[in-house]
Amino acid sequence: MSFFCHATLTVRDLDACVRFYNEVVGLPIDRRGPAGPDGELAFLGDGETKVELVCYKGGPDTIVGNGACLGFRVESVPETLERLKDGGVPVVSDIIQPNPQVRFFYASDPDGFRVQFVEYL
């Protein structure tokens with residue numbers, strides 16, 4: 001079983017988008033931090049489900065796919081990865097662990113949208 005936890009938008013100007021979603025939409029800033037060696041991210045929202053904004057130095061054109069992603073929280077990333085592979089779902093990344101608290105991988109839906117399966121450790 002999985003739980004919807006965030007929608008990701010890859011953006012060109014993180015500060016401008018954080019201001020928009022915070023000041024215009026009214027979402028509180030939950031946290032900001034690095035997104036690997038070439039990016040920065042911000043999570044906004046006050047409930048379980050967040051909006052994740054990610055900005056890479058090269059801009060959204062450096063991202064494979066369309067820069068949009070739905071994230072689902074799962075109990076076990078390795079088990080979910082194997083289940084999806086066994087089911088013939090296109091898996092488009094290995095397991096990524098950017099810090100000791102989280103690990104995830106990406107799969108593709110039938111229309112090519114990225115879907116992230118994330119485990120908080």
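Helices (H or I, at least four residues) and strands (E, at least two) are taken as DSSP runs and numbered from the N terminus. The model is predicted, so local features need pLDDT of at least 70 and side-chain atom pairs count only at pLDDT 80 or more, whereas totals for chains, interfaces and linings use all residues. Residues are numbered from 1 along each chain as its sequence is written, and side-chain values use heavy atoms, with hydrogens and water left out.

Confidence was examined first. The predictor's confidence in each residue is given as pLDDT, from 0 to 100. The protein chain has a mean pLDDT of 87. In this chain, 92% of the residues reach 70 or more. Strand β5 (residues 68–74) has the lowest confidence, at a mean of 85. The highest belongs to β2, at 95.

Arg73 is located in strand β5. Its relative accessibility is 37%, so Arg73 counts as partly exposed (buried means under 20% relative accessible area, exposed over 50%, partly exposed in between, with a 1.4 Å probe and protein chains only). Arg73 and Phe117 are 44 residues apart in sequence. In space, their C-alpha atoms are 5.9 Å apart.

The largest share, 4 residues, comes from β1. By class, 5 lining residues are nonpolar, 1 is polar and 5 are charged (Ala, Val, Leu, Ile, Met, Phe, Trp, Tyr, Cys and Pro count as nonpolar, Asp, Glu, Lys and Arg as charged, and the others, Gly among them, as polar).

The largest nonpolar core has 9 residues: Val11, Leu14, Val18, Tyr21, Ala42, Leu44, Val51, Leu53 and Cys55. Such a core is a set of buried Ala, Val, Leu, Ile, Met, Phe, Trp, Tyr and Cys residues joined through side-chain atoms within 4.5 Å. Two or more residues come from each of α1 (14–24), β3 (39–44) and β4 (50–56).

The structure holds 0 disulfides, a disulfide being a pair of cysteine sulfur atoms within 2.5 Å. Cys17 is in none; the nearest cysteine sulfur, that of Cys55, is 8.1 Å away. Cys69 is likewise in no disulfide, and the nearest cysteine sulfur, that of Cys5, is 9.2 Å away. Cys69 has a relative accessible area of 5% and is therefore buried.

Asp38 lies between β2 and β3. At 43% relative accessibility, Asp38 is partly exposed. The C-alpha atoms of Asp38 and Gln101 are separated by 20 Å. Val89 is in the loop between α2 (77–86) and β6 (96–99). Val89 has a relative accessible area of 32% and is partly exposed. Gly112 sits in the loop between β7 (102–108) and β8 (114–120). Gly112 is partly exposed, at 38% relative accessibility. Gly112 and Arg32 are 80 residues apart in sequence and 28 Å apart in space, C-alpha to C-alpha.
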